[in-house]
Amino acid sequence: MVDRSSLHAGGLPAGTAIPALVVTGSVDPITPPSFAAETAQRLGRSAHLLIVPGGGHGTLRSTACGRAAAAAFFADPKARTPRLLGPG
């Protein structure tokens, strides 16, 4: 349960020690990179932001880059992931 006093105006926790992977495609019309960047910033230092060039909505599962990033993150969530990887 999240203590509501720790939430930002947008409803996200002000920061967390739990590693989080935030993935978006550079041309995602539904959840654009600016949304992902804001989410990662609100989550704090433990957030890993990945923007896949040319990726659209669903980049995490629909591109080799997204799947590789997810696999690497789950293998070692505390390792830093690049903020930008090559084309999907």
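Trainee: What share of the 88 residues in the protein is buried?
Mentor: Buried residues make up 30% of them. Buried means under 20% relative accessible area, exposed means over 50%, and partly exposed lies in between, with a 1.4 Å probe and protein chains only. Keep in mind that this is a predicted model: local features need pLDDT of at least 70, side-chain atom pairs count only at pLDDT 80 or more, and totals for chains, interfaces and linings use all residues. Residues are numbered from 1 along each chain as its sequence is written, and side-chain values use heavy atoms, with hydrogens and water left out.

Trainee: How many helices and strands are there?
Mentor: The protein has three helices and two strands. Along the sequence the pattern reads β-α-β-α-α. Helices (H or I, at least four residues) and strands (E, at least two) are DSSP runs, numbered from the N terminus.

Trainee: How many bridges join β1 to β2?
Mentor: Six, and the two strands run parallel. Strands pair if DSSP finds at least two bridges between them. As one example, Leu21 has His48 in β2 as its bridge partner. The chain goes from β1 through α1 to β2, and this β-α-β crossover is right-handed. Right-handed means that, with the strands pointing away from the viewer, the path from the first strand over the helix to the second runs clockwise.

Trainee: Which residues of α1 are buried?
Mentor: Ala36, Ala40, Arg42 and Leu43. Seen down the axis of α1, the buried residues fall within an arc of 165°, so they line one face of the helix. The arc is taken from the directions from the helix axis to the C-beta atoms.

Trainee: And what do the buried residues of α1 pack against?
Mentor: They pack against β1 (20-25) and β2. Take Ala36: leaving aside neighbours within four places in sequence, Ala36 is in contact with Val22, Thr24 and Leu49. Contact means heavy atoms within 4.5 Å.

Trainee: Which residues form the largest nonpolar core?
Mentor: There are seven: Ala20, Val22, Ala36, Ala40, Leu43, Ala47 and Leu49. A nonpolar core is a set of buried Ala, Val, Leu, Ile, Met, Phe, Trp, Tyr and Cys residues joined through side-chain atoms within 4.5 Å. β1, α1 and β2 each supply at least two residues of this core, and the largest share, three residues, comes from α1.

Trainee: New topic. How many salt bridges does a search of the whole structure find?
Mentor: One. Glu38 forms a salt bridge with Arg42, with the closest N and O atoms 2.7 Å apart. The term means a side-chain nitrogen of Lys or Arg within 4 Å of a carboxyl oxygen of Asp or Glu. Both residues lie in helix α1 (residues 33-43), four residues apart, about one turn of the helix.

Trainee: Is Arg42 buried or exposed?
Mentor: Arg42 is buried, because its relative accessible area is 19%. Glu38, at 37% relative accessibility, counts as partly exposed.

Trainee: Where is Gly55?
Mentor: Gly55 sits in the loop between β2 (47-52) and α2 (59-62). Gly55 counts as buried because its relative accessibility is 4%.

Trainee: What does Gly55 touch?
Mentor: Not counting residues up to four places away in sequence, Gly55 touches Gly25, Ser26, Val27 and Asp28. Gly55 and Gly25 are 30 residues apart in sequence and 3.8 Å apart in space, C-alpha to C-alpha.
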